[in-house]
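These are my notebook entries on a structure that I am examining for the first time. I record what I looked up, entry by entry.

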Amino acid sequence: MSEPKAEHAMRRSTRGRVVDVARFALMGLAAGAAAKIADESGIGWLADLGTYPAVWVLALATIARAAPTAGASALTAGGFFTAMVGAYYAWASLALGFPWGPELLYWLTIAVLAVPFAAAAVWWALRRSGAVAGLVLAAMAAIAAGNGALLRAVRALSGDLPLEFVRPMQVVIEIAVSILLIVVFPRHHRTRWWAIGAWPPLVWLTPRMLALLARIAVG
C-alpha cells in the first residue's frame, strides 16, 4: 500500500472510531435519562432495571461482542457509560430537582477507568478458549447476578427472608444475562465449560469483593 493510501486509510479508521464513540455516547445519554425516569416511575420491576447492574453488564458485553478490536470495545463502552452516568445524574438534578452528590464522581470514575478495562477484557475472553477466558466471563456474569436479587430469592425460599423482598422479574433478568454471558456469547466450548463451572462460587464471592473495594475507595 502506498503512503498516501495508508494515510487515507488511517484517517478513515480514526474517523470511524470517533463516529462510533459519539454514536455510543448518544445512546448512553438516552439510556441514562431513561434509567432515571424508570427509577422514579413507581413501577418496581422497571425501576430495578436501572438500579441493578444486570442490564448494564449486558450492554457492556454486547458492545464488546460487536466491537472489531479490544481498543474499540474499550473506547465505545467508556463513551457509552460515561455519557450514561452523566445523563442519569443530570436528569435527576435538572429535571427532578435532586441535589448533586459525590455519587456522580464515584460512578464517573468507574465509567472512565474500570469500564474500558472490563470491556477490553470481555472482548478478549469472548474470542479465546480456556480457563482464563471462562473466569473473566463468569466474573462479569457474577456481577450481573450477584448483586442481591438472585441471592435474596434463594434466602427467601429457604425461609431466611420474607417473600416480599423477592424481585422475581429481576431474578429472571439476572439469570438470562448470565446465560448469555457464559453460554451464548463465548465462541469456544472450553470457555463455556470453565465459565459455567466458575459462575456459582463467583456469584457468592463477587459482591463481597465489590463491597470491600467500595469501602476501600471511599476511605
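Predicted model: local features only at pLDDT ≥ 70, side-chain atom pairs only at ≥ 80, totals over all residues.

**Entry on salt bridges**

I looked up the salt bridges and found a count of 3.

I began with Arg167, which pairs with Asp48, the closest N and O atoms being 3.4 Å apart. Arg167 sits in the loop between helix H7 (149–157) and H8, while Asp48 belongs to helix H2 (residues 44–51), so this pair ties together parts that are 119 residues apart in sequence. Arg167 counts as partly exposed because its relative accessibility is 33%. Asp48, at 9%, counts as buried.

I then turned to Arg23 and Asp20, whose side chains meet in a salt bridge at 2.8 Å, N to O. Both residues lie in helix H1, 3 residues apart, about one turn of the helix. In general, an α-helix has 3.6 residues a turn, so residues three or four places apart point the same way. I recorded Arg23 as partly exposed at 42% relative accessibility, and Asp20 as partly exposed at 29%.

The side chains of Lys36 and Glu40 also form a salt bridge, at 3.3 Å, N to O. Glu40 is partly exposed, with 42% relative accessibility.

**Entry on Lys36**

Is Lys36 buried or exposed? I found it buried, with a relative accessible area of 9%. Lys36 is part of helix H1 (residues 3–39). Leaving aside residues up to four places away in sequence, Lys36 touches Tyr88, Trp91, Ala92, Leu96 and Phe98.

**Entry on helix H4**

I checked the span of H4: its 26 residues reach 36 Å from first C-alpha to last, close to the 38 Å expected at 1.5 Å a residue. Just after H4, Gly97 takes a positive phi of about 80°.

Within H4 (residues 70–95) I selected Phe81, which counts as buried at 6% relative accessibility. Which residues does Phe81 touch, not counting those up to four places away in sequence? I listed Trp56, Ala59, Leu60, Ala111 and Val115. Phe81 and Trp56 are 25 residues apart in sequence, and their C-alpha atoms are 8.7 Å apart in space.

**Entry on the nonpolar patch**

I located a nonpolar surface patch of about 520 Å², made by Ile175, Ile179, Val183, Val184, Trp193 and Ile196. Helices H8 (168–184) and H9 (189–217) each supply at least two of its residues, and H8 gives the largest share, 4 residues. Ile179, in helix H8, counts as partly exposed at 42% relative accessibility.

Note on methods:
Residues numbered from 1 in each chain as written. Heavy atoms only, no water. Buried < 20%, exposed > 50% of the residue type's maximum accessible area, 1.4 Å probe, protein only. Contact = heavy atoms within 4.5 Å. Patch = residues over 30% accessible without salt bridge, like charges linked within 9 Å, V, L, I, M, F, W, Y side chains within 5 Å. Areas by Shrake-Rupley, 256 points an atom, 1.4 Å probe, with all protein chains shown as cover. Salt bridge = Lys/Arg side-chain N within 4 Å of Asp/Glu carboxyl O. Expected span 1.5 Å × (residues − 1).
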